[in-house]
Amino acid sequence: MSRYESASHVFYRCQYHIVWTPKYRYKILKGQVGKELYRSIYVFCSMKKCVVVELNVQIDHVHLVVRTPPSL
């Protein structure tokens, strides 16, 4: 697998590291809420044609590394 993606006239690599926290860093992302968030992120990324490289849901924050097409 190449490090870069390709389109008709370009090679690109748009990769983002996103850290998301709930307000006041409340520990609410556990149990069913955390599982639903995990699933929702994958569903949303597939809708937008993104690739989830890494996803880590902790009880008070989320780390997401995602690759996106340049059109997004």
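User: Which helix do Y38 and Y42 lie in, and how many residues apart are they?

Analyst: Y38 and Y42 both belong to helix α1, which covers residues 32-47, and they sit four residues apart, about one turn of the helix. Helices here are DSSP runs of H or I with at least four residues, strands are runs of E with at least two, and both are numbered from the N terminus. Please note that this is a predicted model, in which local features need pLDDT of at least 70 and side-chain atom pairs count only at pLDDT 80 or more, while totals for chains, interfaces and linings use all residues. Residues are numbered from 1 along each chain as its sequence is written, and side-chain values use heavy atoms, with hydrogens and water left out.

User: How many aromatic pairs does a search of the whole structure find?

Analyst: The search finds two aromatic pairs. In the pair of Y24 and Y26, the ring centres are 5.7 Å apart and the planes stand at 65°, so this pair is edge-to-face. The pair of Y38 and Y42 is tilted, with 5.4 Å from centre to centre and 50° between the planes. Rings of Phe, Tyr and Trp (its six-membered ring) are paired if their centres lie within 6.5 Å; planes under 30 degrees apart count as stacked, over 60 as edge-to-face and the rest as tilted.

User: Is Y24 buried or exposed?

Analyst: Y24 has 62% relative accessibility and therefore counts as exposed. Buried means under 20% relative accessible area, exposed means over 50%, and partly exposed lies in between (1.4 Å probe, protein chains only). Y38 is partly exposed at 37%, and Y42 is partly exposed at 37%.

User: Changing topic: which residues form a nonpolar patch on the surface?

Analyst: Y16, I18 and W20 form that patch, and together they have about 320 Å² of accessible area. Such areas come from the Shrake-Rupley method with a 1.4 Å probe, and for residues only the protein chains shown count as cover. Patches are made of residues with over 30% relative accessible area and no salt bridge; like charges are joined within 9 Å, and nonpolar side chains (Val, Leu, Ile, Met, Phe, Trp, Tyr) within 5 Å. I18 lies in strand β3, residues 14-20, and counts as partly exposed because its relative accessibility is 40%.

User: What does V19 touch?

Analyst: Leaving out residues up to four places away in sequence, V19 touches V62 and H63. Contact means heavy atoms within 4.5 Å. V19 is also in strand β3, and it is partly exposed at 46% relative accessibility.

User: How many salt bridges does the structure hold?

Analyst: The structure holds four salt bridges. A salt bridge is a side-chain nitrogen of Lys or Arg within 4 Å of a carboxyl oxygen of Asp or Glu. One of them joins E5 and R67, whose closest N and O atoms are 3.9 Å apart. This pair links distant parts of the chain, since E5 is in strand β1 (residues 5-6) and R67 is in strand β5, 62 residues away. E5 is partly exposed at 32% relative accessibility, whereas R67 counts as buried at 19%.

User: Which residues are linked in a network of salt bridges?

Analyst: R25, K27 and D60 are linked in such a network. Between D60 and K27, the closest N and O atoms are 3.9 Å apart. D60 lies in the loop between β4 and β5, and K27 in the loop between β3 and α1, 33 residues apart. D60 counts as buried at 12% relative accessibility, while K27 is partly exposed at 49%.

User: Where do R39 and E36 lie?

Analyst: Both R39 and E36 lie in helix α1, three residues apart, about one turn of the helix. They form a salt bridge with their closest N and O atoms 2.7 Å apart.
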